[in-house]
Amino acid sequence: MTRPGPPPPAPLPAADLPELVRRARVLVAARGGSRTILGIAGAPGSGKSTLAAALAEALAPDATVVPMDGFHLAERELARLGRRGRKGAPDTFDAAGYAALLTRLRSDRDDIVYSPAFDRHLEEPIAGSIPVPPDRPLVITEGNYLLLEQGAWARVRGQLDAVWFIEADHDRRVERLVARHARHGKSAEAARAWVLDSDERNAVLVQRTKFRSDLVVSVA
């Protein structure tokens, strides 16, 4: 169960990308040559992947993005489990597999480590999609449940050197989610119904984990 805790640090605007890049470099330097893993958490549609991509571009070639979404369970498995209608909830991911990958990224500096990605057009994870070379000093991983304390998710936080939490305007976040679902095949009505039911239930759960973050990043 996620417990209440002290308030997180005061928000830093996402627009201050140079300051975020500087902080990422400080994290890497503090590891003294060991690989750094930076987590970016937040509710669905908050802008996690956008910020992760911007950081990786600014830090190139020293950073690779490894998304949590690559550990979505396949549609066939969700159907078998009776969870297709809740896709995106914590128990629709392979949380133990994700934690194991982070552990390997932390310890394996001899081989390329391959991570899965999530194809939004297919709505399926794609194995072996993202290579992380052994000399890559920074991995940025982003997802909803990096700070969750239940089940196998509880193993994730210990593998992360820092976690930044994205705090987004609620109404804009909802509209971005509706537009995303519509782009990938849902009708406007079905997209909004999914967001206001499934996505928002997950958002409430994610918001309760914010206190465990090291930095709050505010976006419009």
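This is a predicted model: local features need pLDDT of at least 70, side-chain atom pairs count only at pLDDT 80 or more; totals for chains, interfaces and linings use all residues.

User: How are the axes of α1 and α2 oriented, roughly parallel or roughly perpendicular?
Analyst: Helix α1 spans residues 17-30 and helix α2 spans residues 48-59. Their axes come within 10 Å and cross at roughly 70 degrees. Angles of 65 to 115 degrees fall in one class. That makes the orientation of α1 to α2 roughly perpendicular.

User: Is the crossing of α1 and α2 left-handed or right-handed, and which residues of α2 make the contact?
Analyst: The crossing of α1 and α2 is right-handed. On α1, the contact uses Leu-17, Leu-20, Val-21, Ala-24 and Arg-25. On α2, the residues are Leu-51, Ala-54, Leu-55, Ala-58 and Leu-59.

User: What kind of pair do the rings of Phe-93 and Tyr-145 form?
Analyst: The whole structure holds five aromatic pairs. For Phe-93 and Tyr-145, the ring centres are 6.0 Å apart and the planes stand at 75 degrees. Planes over 60 degrees apart set the class. The pair is therefore edge-to-face.

User: How far apart in sequence are the parts that this pair ties together?
Analyst: Phe-93 sits in the loop between α3 (75-81) and α4 (95-107). Tyr-145 sits in the loop between β6 (138-143) and β7 (162-168). The pair therefore ties together parts separated in sequence by 52 residues.

User: Are Phe-93 and Tyr-145 buried or exposed?
Analyst: The cut-off is under 20% relative accessible area. Phe-93 has 7% relative accessibility, so Phe-93 counts as buried. Tyr-145 has 1%, so Tyr-145 also counts as buried.

User: Which residues form the aromatic cluster?
Analyst: Phe-93 and Tyr-145 both belong to one cluster.

User: Is the peptide bond that joins Ala-60 and Pro-61 cis or trans?
Analyst: Pro-61 lies in the loop between α2 and β3 (63-67). Omega of the bond from Ala-60 is about 5 degrees. The bond is cis.

User: What is phi of Glu-123?
Analyst: Glu-123 lies in the loop between β4 (113-119) and β5 (124-132). At 28% relative accessibility, Glu-123 counts as partly exposed. Its phi is positive, in a residue other than glycine, with a value near 60 degrees.

Conventions:
Residues are numbered from 1 along each chain as its sequence is written. Side-chain values use heavy atoms; hydrogens and water are left out. Axes are lines fitted to C-alpha atoms, for helices over the stretch in contact, and angles run from 0 to 180 degrees between N-to-C directions. Helices (H or I, at least four residues) and strands (E, at least two) are DSSP runs, numbered from the N terminus. Angles under 35 degrees count as roughly parallel, over 145 as roughly antiparallel, 65 to 115 as roughly perpendicular and the rest as oblique. A crossing is left-handed if the near helix is turned anticlockwise from the far one by less than a right angle, and right-handed if clockwise. Contact means heavy atoms within 4.5 Å. Rings of Phe, Tyr and Trp (its six-membered ring) pair if their centres lie within 6.5 Å; planes under 30 degrees apart count as stacked, over 60 as edge-to-face and the rest as tilted. Buried means under 20% relative accessible area, exposed over 50%, partly exposed in between (1.4 Å probe, protein chains only).
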